Amino acid sequence: MSLRSGEKIAALGQGTWHFGENPGRRAQEVASIRLGVDLGMTVIDTAEMYGNGAAETLVGEAMKGRRSEAFLVDKVLPHHASRVGTVRACEASLVRLGVEYIDLYLLHWRGLIPLAETIEGFAELKQNGMIRHWGVSNFDIDDMVELWSVPGGDEVQANQILYNLARRGPEYALLPWLAEHRIPPMAYSPIEQGRLLEHPALQPIALQHDATPAQIALAWVLQHDGVNAIPRAGTLLHVRQNAAARDIELTRDELHALDRAFPPPTRGRPLEVL
């Protein structure tokens with residue numbers, strides 16, 4: 001898939017929410033990130049909020065000596081997102097990551113600080129070579145329209161949103177708006193944190209593809225052109241399964257069956273978040 005700038009990034013990446021919070025899982029989480037990069041899942045998503053920086057530190061450990069192989073996505077908390085605060089937050093994230101720059105730096109969700117201030121902070125970070133691109137996360141269509149109207153707002157490169165079979169609300173208005181403005185969505189929790197796995201509609205399709213229900217849910221997201229997905233996988237097995245989901249091509253009949261089980265929206269609704 002492509003950012004608004006035209007730069008290509010992997011359609012399937014890796015999330016790190018809750019990584020670094022349990023010392024007993026640390027080695028496995030580090031190994032899973034490294035394996036994911038080996039398998040082409042080079043977009044690594046993290047945030048200063050995740051474990052109060054613990055996830056960033058773990059990502060830095062995983063990518064030590066491999067910085068050039070990864071496309072790092074990080075996020076600033078809304079209450080840090082003043083012009084000065086954005087720069088300071090990014091500086092702290094860079095230290096925890098142990099890198100000189102972040103590829104895509106996102107405003108984690110909409111806060112009380114004016115967007116113009118945040119954009120000024122992003123512009124300073126770009127000018128200083130601390131970030132390459134910036135974007136937003138959890139922005140609904142009204143937020144995107146407002147952002148677009150702010151000077152410099154049209155430099156937004158992506159909008160990271162909750163999008164999966166059970167959360168199809170963005171299809172009604174937000175995804176069409178993003179497509180019109182060439183802003184790719186990044187889908188977090190593409191398998192609904194595992195809650196989709198027991199749904200009866202996924203079982204027969206998974207059997208047809210010799211796959212797991214999680215792989216079918218992920219393949220459904222990836223089958224949408226221009227959408228990036230960032231599932232979290234804390235074990236090597238799940239990393240390999242996520243990577244294999246890229247090869248699953250759902251048939252028209254299977255897509256219709258999923259539409260019946262998870263109907264697309266018929267009216268606008270507020271963007272859901274986790």
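**Notebook: aromatic contacts**

I began with W148, which is partly exposed in this predicted model, its relative accessible area coming out at 27%.

For the aromatic rings as a whole, I noted that the structure holds 5 aromatic pairs. One of these joins W148 and W177, whose ring centres lie 5.9 Å apart with 90 degrees between the planes, an edge-to-face arrangement.

Next I turned to Y163 and W220, where the ring centres are 5.5 Å apart and the planes stand at 45 degrees, so I recorded the pair as tilted. Y163 lies in the loop between β6 (159-162) and α6, while W220 belongs to helix α8 (residues 213-222), and the pair therefore ties together parts that are 57 residues apart in sequence.

Are Y163 and W220 buried or exposed? I found Y163 to be buried, with a relative accessible area of 2%, and I read 2% relative accessibility for W220, which therefore also counts as buried, the limit being under 20%.

I also followed the ring pairs that involve Y105, and these link Y105, F122 and W134 into a cluster.

Last, I checked for a charge over a ring, and I found R67 lying over the face of Y101, at 4.1 Å from the ring centre.

How values were computed
Residues are numbered from 1 along each chain as its sequence is written. This is a predicted model: local features need pLDDT of at least 70, side-chain atom pairs count only at pLDDT 80 or more; totals for chains, interfaces and linings use all residues. Side-chain values use heavy atoms; hydrogens and water are left out. Rings of Phe, Tyr and Trp (its six-membered ring) pair if their centres lie within 6.5 Å; planes under 30 degrees apart count as stacked, over 60 as edge-to-face and the rest as tilted. Buried means under 20% relative accessible area, exposed over 50%, partly exposed in between (1.4 Å probe, protein chains only). Helices (H or I, at least four residues) and strands (E, at least two) are DSSP runs, numbered from the N terminus. A charge sits over a ring if NZ of Lys or CZ of Arg is within 6 Å of the ring centre and within 35 degrees of the ring normal.
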